Amino acid sequence: MSSDAKNENVVWHSGRVSYEDRCAVLKQKGLVVWFTGLSGSGKSTIAVELEKMLNEAGKAVYRLDGDNIRCGINSDLGFTDDDRNENIRRISEIAALFQDAGMITLVSFISPFRKMRQFAREKAGEGNFLEVYVNTDLETCMGRDPKGLYKKNISHFTGKDSAYEEPLDPEIILDTVKSTAVECAKQVYDEICRRKL
């Protein structure tokens, strides 16, 4: 059965509460902050620090982490290119829903392919997406190896035998070699504040 056939009897059901209504309750606008980079680059660590900063500032924020999501919603997916694309497709849809609810949503996924990061950007909508490239070289990531993944013989491992396509024009580039996780989080926090959400 084609996907068109599956969806032919589905009709969008509109509500009586708008995006603007939800934002008014939260006193902020929704935003997707998308952290991308190699395994061990520092994406999750920075997102954890940023979540704490935003929460302490009274912002409604939620963090979606790649490994955490693979423990639940995406537990049926492997690490082939097709599975990686489906992983990002699903989380893009979820992040867009959180954004529409008025939440600041922090997404930390390797997300190796530009096409799927663009898909995530389009789902969130113009002006509602902040791509953060955690630009840490492979050698540094392998030296950190916080989960011991680089030492294992894992097939389709991003950066080793599976491609990582660097962002061409991210809103923010972070250097975790020269800056601490807290300093990197503060850099993103300042950009969020600048946007006057």
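Strand β1 (residues 31-36) and strand β4 (residues 129-134) pair in the parallel sense over five bridges, where pairing requires at least two DSSP bridges between two strands and strands are DSSP runs (E) of at least two residues, numbered, like the helices (H or I, at least four residues), from the N terminus. Within this pairing, T36 has Y133 of β4 as its bridge partner. The structure is a predicted model, in which local features need pLDDT of at least 70 and side-chain atom pairs count only at pLDDT 80 or more, whereas totals for chains, interfaces and linings use all residues. Residues are numbered from 1 along each chain as its sequence is written, and side-chain values use heavy atoms, with hydrogens and water left out.

Both strands belong to an open sheet of five strands with parallel pairing and the order β2-β3-β1-β4-β5. Its edge strands, β2 (61-65) and β5 (172-174), each pair on one side only. Neighbouring strands of the sheet are turned by 20° against each other on average, direction ignored. Helix α8 (residues 181-194) lies across β1, β3 (104-108), β4 and β5 and runs at about 170° to β5, with contact meaning heavy atoms within 4.5 Å and angles, from 0 to 180 degrees, taken between the N-to-C directions of lines fitted to C-alpha atoms, for helices over the stretch in contact.

The structure holds four aromatic pairs, defined by ring centres (Phe, Tyr and the six-membered ring of Trp) within 6.5 Å, with planes under 30 degrees apart counted as stacked, over 60 as edge-to-face and the rest as tilted. The rings of W34 and F109 have centres 6.3 Å apart and planes at 35°, so this pair is tilted. Because W34 lies in strand β1 and F109 in the loop between β3 and α6 (114-124), the pair ties together parts that are 75 residues apart in sequence.
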